Amino acid sequence: MQKVLCILGELSDRDIDWLVQVGRKQQVPAGSVLIYEGHPVDTLYILLDGTLVVSISALDGRQIARLSSGEVVGEMSFIDARPPSATVQTLEDSTVLAIPRAQLAEKLQQDEGFGCRFYRALAILLSQRLRGTVKQLGDEGAKPAANGHVSQEDGVAIAQLRFERLLNQLQVQSAGQA
């Protein structure tokens, strides 16, 4: 959940409203591939419920990560416009919020404030991922630096509230469509 909390903690409530409006809540059956390694991706996903597994062909398709509710996938390809470096597949029936790349790119160009907040969130997310990798490689001394903004505990609390708000809005939206 830390990844989505990182992103939602940087975005405003209005930004979250936009994500809910533009994103598509999708039920994805177990065993479905969301992202294929080496193939362009046109969607950024937020995992709302379920479990995803990440694998790479360089390790003969071995699983390198297991992702749970709140994780974000497809963000690296969004940032650098390169094909994904891993395959992401559902381990169990899952629910995602699928945000179309084209609409997200358009929003980023039209709304500078959103763009600043969104790219900052992705920069923090990728930094945390790199720190986690370094830690896994044995550098137990790596500590996250203070960012000079909201305390980490307060930021997590705010982000958790925003994630709950996003889930609630999606439930209301689904109920209205039924």
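**Figure 1. Strands 4 and 5 pair in the antiparallel sense.** Strand 4 (residues 52-56) and strand 5 are joined over five bridges in this predicted model. Two strands pair if DSSP finds at least two bridges between them. Helices (H or I, at least four residues) and strands (E, at least two) are DSSP runs, numbered from the N terminus. Ser 55 has Gln 63, in strand 5, as its bridge partner. Residues are numbered from 1 along each chain as its sequence is written. The model is predicted: local features need pLDDT of at least 70, side-chain atom pairs count only at pLDDT 80 or more, and totals for chains, interfaces and linings use all residues, while side-chain values use heavy atoms, with hydrogens and water left out.

**Figure 2. An open sheet is formed by four strands in the order 2-7-4-5.** Its pairing is antiparallel. Strand 2 (33-35) and strand 5 (62-67) are the edge strands. Each of these pairs on one side only. From one strand to the next, the twist averages 30 degrees. Axes are lines fitted to C-alpha atoms, for helices over the stretch in contact, and angles run from 0 to 180 degrees between N-to-C directions.

**Figure 3. Thr 90 sits in strand 7.** The strand spans residues 87-90. Is Thr 90 buried or exposed? Thr 90 is buried, at a relative accessible area of 3%. Buried means under 20% relative accessible area, exposed over 50%, and partly exposed in between (1.4 Å probe, protein chains only). The Thr 90 side chain reaches the backbone oxygen of Pro 29 at 2.6 Å. A polar contact is a pair of N or O atoms within 3.5 Å; within protein, one must be able to donate a hydrogen and the other to accept it, and residues adjacent in sequence count only if both atoms are side-chain atoms. Leaving aside residues up to four places away in sequence, Thr 90 touches Val 28, Pro 29, Ala 30, Gly 31, Ser 32, Thr 51 and Leu 52. Contact means heavy atoms within 4.5 Å.

**Figure 4. The order 1-8-3-6 describes an open sheet of four strands.** The pairing is antiparallel. Strand 1 (24-28) and strand 6 (72-73) form the edges, each pairing on one side only. Strand 1 pairs with strand 8 (residues 94-100) in the antiparallel sense, over five bridges. Within strand 8, Ala 98 is the bridge partner of Arg 24.

**Figure 5. Helix 4 packs on the sheet.** The helix (residues 101-110) touches strand 3 (43-49) and strand 8. Its direction makes about 50 degrees with that of strand 8. Which residues of helix 4 are buried? They are Leu 104, Lys 107 and Leu 108. Seen down the helix axis, the buried residues fall within an arc of 100 degrees, so they line one face of helix 4. The arc is that of the directions from the helix axis to the C-beta atoms. Ala 102, Gln 109 and Gln 110 are exposed on the other side of helix 4.

**Figure 6. Ring pairs link five named aromatic residues into a cluster.** The cluster holds Trp 18, Phe 78, Phe 114, Phe 118 and Tyr 119. The structure has four aromatic pairs. The rings of Phe 118 and Tyr 119 are edge-to-face, because their centres lie 5.9 Å apart and their planes stand at 75 degrees. Rings of Phe, Tyr and Trp (its six-membered ring) pair if their centres lie within 6.5 Å; planes under 30 degrees apart count as stacked, over 60 as edge-to-face and the rest as tilted. Phe 118 is buried, with a relative accessible area of 2%. Tyr 119 is partly exposed, at 41%.

**Figure 7. Asp 60 and Ala 81 each have a positive phi.** Most residues other than glycine have a negative phi. Asp 60 has a phi near 55 degrees. Asp 60 lies in the loop between strand 4 and strand 5. Asp 60 is exposed, at 76% relative accessibility. For Ala 81, phi is about 55 degrees. Ala 81 belongs to the loop between helix 3 (75-80) and strand 7. Ala 81 is exposed, with a relative accessible area of 59%.
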